[in-house]
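Here is a short note to read alongside the model on your screen. Keep the sequence and the 3D view open, and take the points one at a time.

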Amino acid sequence: MSIEKNEEFRPKIVAFCCNWCSYAGADLAGSSRMTYSADVKIIRVPCSCRVNPMFILRAFERGADGVIMCGCHPGDCHYTSGNYYARRRMTLLFSMLDYIGVESGRTRVEWVSAAEGAKFSETMHEFVDKITSLGKNVRLEDLRCRNL
Amino acid sequence: MQRIGVFVCHCGTNIAATVDVKKVAEMALHEPGVVHAEDYAYMCSEAGQELIHKAIKEKHLTGLVVCSCSPRMHETTFRNAAEKAGLNPYMVEIANIREHCSWIHKDIEEATEKAVILMRAAIAKVNLDAPLKPGESHVTKRALVIGGGIAGIQTALDIAEAGYPVDIVEKTPSIGGRMSQLDKTFPTLDCSSCILTPKMGEVNAHPNINIYTYSEVESVSGFVGDFTVEIRRKARSVDMDKCTGCGVCQDKCPSKKTPSEFNRGLGTRSAIYTPFAQAVPNVPVIDRDACIKFKTGKCGICSKVCLAGAIDYDQTDEIVTEKYGAIVVATGFDMIKLDKYDEYAYSQSKDVITSLELERIMNAAGPTGGHLERLSDGKAPKEIVFIQCVGSRCADDRGKSYCSKVCCMYTAKHAMLIRDKYPDVNVTVFYIDVRTPGKNFDEFYRRAVEEYGVNYIKGQVGKVIPQPDGKLLVQGADLLDNKQILKEADMVVLAAAIEPNPDVRKIATMLTASIDTNNFLTEAHAKLRPVESPTAGIFLSGVCQGPKDIPETVSQAGAAAVKAIGLLAKDKLLTNPCTAQSDELLCNGCSQCANVCPYGAITYENKEVNDHGIREIRRLAVVNDALCQGCGACTVTCPSGAMDLQGFSNRQILAEVDAICR
């Protein structure tokens, strides 16, 4: 494993955002010019229930240092119940990740509504800080995938 | 292999100021499948779309990536542009390099690097895009309006006038809403009921409008153009067809001690009641919690005096199921509870009242017959203090962060009316700012000060202390003269903040409509789509969307009606083709997908499959495209990986993940 020296650690963070609440919340953060780190890259999904645990594992495998999933507040899902499924799946996945040694701070679920641009920005700040303090993800990364 | 064209938008300087757009376009050419890349000042403009058109034709593009603003803004624009050039519109992906990049980052290098990564993810996705074709769904040409205040009334009238049937569901026994409780309206000082009651009558008489009062929405299912709504018609205990509205039952009812909701608890009403004299429909309701017959089994006077024989103690709640193409939410507002504002002594003194209570006191049909008097001893007040922003523009969590918008104007109105009718009464208003943006509003406020001599003091009140002699000692600050003020008053009126009707959260959940932290419904776009919810087919009318006065509410109600009419006028709607699809060879018919589908879109069929030469009949999941809304719940649940979502397929999302982590 290579040790990066003298280089500031910039985490790779993948954020899954549901189209109806969190993606719109991220848009609002943008149009309100609320800054957060460029290390966060957002993937749009129709609903948080579209996020397959496999996607999160893949992100870690490919070298992501943190993965955050954002959805509508419980009860406010555009598809009525999708975020409840997502919540259960993520609880299960995160406990499994914890078991295999991926620090629990590397994953997070947050509910952000379309009106909560400020919350989106704050959440991303916090998450980036957390991942930066945890450092590079080494547990799940598949080194064969580096520089593919 | 796709032939992809990448178009990078400058958005003037919105993107170009922080993202090196030329570099992004140049980097695009290194990506697999990209055969064309260019940047332009405004991709969404006619000229920008022309560039797309030209490139599709000349380079035979099979897919597009537009690096621009949010797909929520211009995805449709670029899809349409692609379609015009003969490309399937679902072969377009947007890289959001404005809201998610240039607007939030300051450093050009950092923002450019991120923009390139977002572009790569979009290219990876479009590489796996497949052409999709939207289906069609029908439109039920009937609208539902939830709430029968001025917003709901106006929306219903406008839709009905366009020739479509409308149902109004109103929770209370009569339509009319908050406006029916008001005495006068600013800035014209029109009598509120004089302008409202004709509209209520019009709604009642309109052949296209059907009113369900004393009713609530119980459940909503379906989607735009085809909602199925269950409405609970609560037991009125009075037969609406037989009742003549003579009012004898109300006169004779022996249970008369229930606080009147209409008079904000200041007066009482009988157990069988209509909220107010001009109620529509003019059919009373028996309040079963207050009725002696329902409590003890004895009484039955109303039934004896009713010549029409309309009283029906055995009536039960009835559920009506109806189909609608469009739903308009007009649930209105209430004033906040003042239990967290004990410093104003609202709970300690009867002479500290809210503005809406003053409205009832000033009204000729109100609890005091329109005489301004102290509720504690019935004496005429000589000194009245108004306190503004009680719970509005509040920095802590006791109140609301927003401005309630109507208080400055109605307080000027109250002050003016009091000074006009009772010139010997002194009126003082404590305010933070006087906000009068509106036609003839500032002139109105200035009249209150200059013509009617209302004493405006800039400063907040810290405490109202009830005195042993019944007076109220008001402690406040005068910020302009920089001094403390102690003022004895006979009456204190609090301009309490307005908040959305507490029921709106429940309704928003049923409608899957977005709602903000203050419980106001969120509009699809703050500027461009202010009367539509992001959920298709749901429209917003009145204060449920944000604080408004009556003229604004009526304008918005008309706008919501037009949007609903625009939907109802269509015969067919195009459905979202990003639906789930099951791979027949992988599906094992386990039913897990059907269990999580919120729309009942998945059924099972016995189908013949050819699995590597073996022909057999298997039980397979089949998705009904017309019902599937594309949430993707089934795709993750499926244990055999047979379910996938078109437009957001597993391979596509994984490709995006890979591109971002590369």
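1. A word on ground rules. This is a predicted model, in which local features need pLDDT of at least 70 and side-chain atom pairs count only at pLDDT 80 or more, while totals for chains, interfaces and linings use all residues. Residues are numbered from 1 along each chain as its sequence is written, chains are lettered from A and ligands numbered from 1 in the order in which they are written, and side-chain values use heavy atoms, with hydrogens and water left out.

2. Let us begin with chain A. Its secondary structure comes to four helices and four strands; helices (H or I, at least four residues) and strands (E, at least two) are DSSP runs, numbered from the N terminus. Read from the N terminus on, the elements of chain A go β-α-β-α-β-α-β-α.

3. Next, the overall form of chain A. Its C-alpha trace spans about 45 × 35 × 25 Å along the principal axes. Chain A has a radius of gyration of 15 Å, which agrees with the value near 15 Å for a compact globule of 148 residues. That radius is taken over C-alpha atoms, and the globule rule is 2.2 Å times the number of residues to the power 0.38.

4. Now look inside chain A. Of its 148 residues, 60% count as buried, meaning under 20% relative accessible area, with exposed over 50% and partly exposed in between (1.4 Å probe, protein chains only). Among contacts (heavy atoms within 4.5 Å) in chain A between residues at least 6 apart in sequence, 82% join residues at least 24 apart.

5. How many residues of chain A are in contact with chain B? There are 51, and they meet 50 residues of chain B. The area buried between the two chains is about 4400 Å², and carbon and sulfur atoms give 60% of that. Buried area here is the accessible area (1.4 Å probe) that two parts lose on being put together, summed over both. In chain A, K41(A), R44(A) and R50(A) lose the most area to chain B, together 15% of what that side buries.

6. The interface also has polar links. Between chain A and chain B, 23 residue pairs are in polar contact, both residues being at pLDDT 80 or more. A polar contact is a pair of N or O atoms within 3.5 Å; within protein, one must be able to donate a hydrogen and the other to accept it, and residues adjacent in sequence count only if both atoms are side-chain atoms. The side of chain A that touches chain B draws its largest share, seven residues, from α1(A).

7. One of the salt bridges joins the side chains of D76(A) and R505(B), at 3.4 Å from N to O.

8. Finally, some backbone details in chain B. Most residues other than glycine have a negative phi, and most peptide bonds are trans. The bond from F186(B) to P187(B), however, is cis, with omega near -5 degrees, and P187(B) sits in the loop between β8 (184-185) and β9 (190-191). R264(B) is not a glycine, yet has a positive phi of about 55 degrees; with 22% relative accessibility, R264(B) is partly exposed.

Notes: A salt bridge is a side-chain nitrogen of Lys or Arg within 4 Å of a carboxyl oxygen of Asp or Glu.
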